[in-house]
Amino acid sequence: MLSLKHVSKSYQNGSEVTHALNDVSFDIESNQVTVILGPSGSGKSTTLNILGGMDRPTSGTVTYNNNFINTESDKQLTDYRKEIVGFVFQFYNLISNLTVFENVAISAQLENKKYRNITEKYLQKVGLLKRKNNFPDQLSGGEMQRVSIARALAKSPKVLLCDEPTGALDTETSKRVFEILKKSKSKDTAVVIVTHNPLVAPIADRVIHIKDGRVDKIIDNPSPLEVEEVDWG
Ligand SMILES: Nc1ncnc2c1ncn2[C@@H]1O[C@H](COP(=O)(O)OP(=O)(O)OP(=O)(O)O)[C@@H](O)[C@H]1O
């Protein structure tokens, strides 16, 4: 579905060049949770930005359903981000002067006139319909993250990209978020979770280990664990 082939990415600041990714190749499949795992500075965010069409590789190719997204125009890349990708960020990125309902509705409206029903459906799915008239600062961190997942899902993304989605949450709250993310995979949707936390690996169908900007190993897991079955330490 989504495929990186021989992707390298360098950043140039003045005379200094940082090689963030070196010859990275892997596939992301729908109906799977893929965890991209690696220590700080290993290149995870760079990988996610390239998968999400927010950045282009220095060399190599990125394809979505066999279409090259690395060579597309800015307009096509914007369409890809808008129509195909949903994002979940570590610090939620909710709009503070909009209600929970409005934060999700903005995203639902992008694609459908029935945005009220869609918004309520996904708020229900993350267990927050009754908080729809609250503002983000009236919610806990875990609740804000669940709203941000509802917002991402409301546009029916084919690829849900999550950057350290539980990085700011305690263990119990994180488990609820992972349960929702795990349920979000479908035959039409791939879920990608970027994290430095190796405890997340057992819930994934595929784990891509990144080290020093390279793929260290790729592990396919035919029987991933349920969130409740994992020893979270
Ligand atoms: N815009 C940039 N300009 C220069 N160097 C960059 C830039 N973005 C990332 N880097 C460098 O690329 C390397 C990989 O960074 P990246 O953010 O992808 O790692 P990461 O695994 O996501 O780290 P973390 O878990 O700390 O967020 C690092 O050495 C980083 O300093």
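The structure is a predicted model, in which local features need pLDDT of at least 70 and side-chain atom pairs count only at pLDDT 80 or more, while totals for chains, interfaces and linings use all residues. Residues are numbered from 1 along each chain as its sequence is written.

An open sheet is built from six strands in the order E6-E7-E8-E3-E9-E10, with mixed pairing. Helices (H or I, at least four residues) and strands (E, at least two) are DSSP runs, numbered from the N terminus, and two strands pair if DSSP finds at least two bridges between them. Strand E6 (85-88) and strand E10 (214-220) each have a single partner strand and stand at the edges, so one side of each is left without a neighbour in the sheet. From one strand to the next, the twist averages 15 degrees. Within this sheet, strand E7 (residues 159-163) and strand E8 (residues 190-195) run parallel and are joined by five bridges. Leu160 stands opposite Val191 in E8.

Helix H5 lies across E6 and E7, and runs at about 175 degrees to E6. Such angles, from 0 to 180 degrees, are taken between N-to-C directions, with axes fitted as lines to C-alpha atoms, for helices over the stretch in contact.

Apart from its neighbours within four places in sequence, Ile193 is in contact (C-beta atoms, placed from the backbone, within 7 Å) with Val33, Val35, Cys162, Pro165, Leu181 and Val200.

Elsewhere in the chain, E1 and E2 run antiparallel and are joined by nine bridges. Their hairpin has two residues between the strands, and Gly14 takes a positive phi near 65 degrees there. Tyr11 has Thr18 in E2 as its bridge partner.

Tyr11 is also among the residues around the ligand: of 13 in total, Tyr11, Ala20, Ser40, Ser45 and Thr46 come nearest. A residue is near a molecule if its C-beta atom, placed from the backbone, lies within 6 Å of it. Strand E1 (2-13), strand E2 (16-28) and helix H1 (44-51) are the elements that give two or more residues to this shell, and H1 gives the largest share, three residues.

How values were computed
Contact = placed C-beta atoms within 7 Å.
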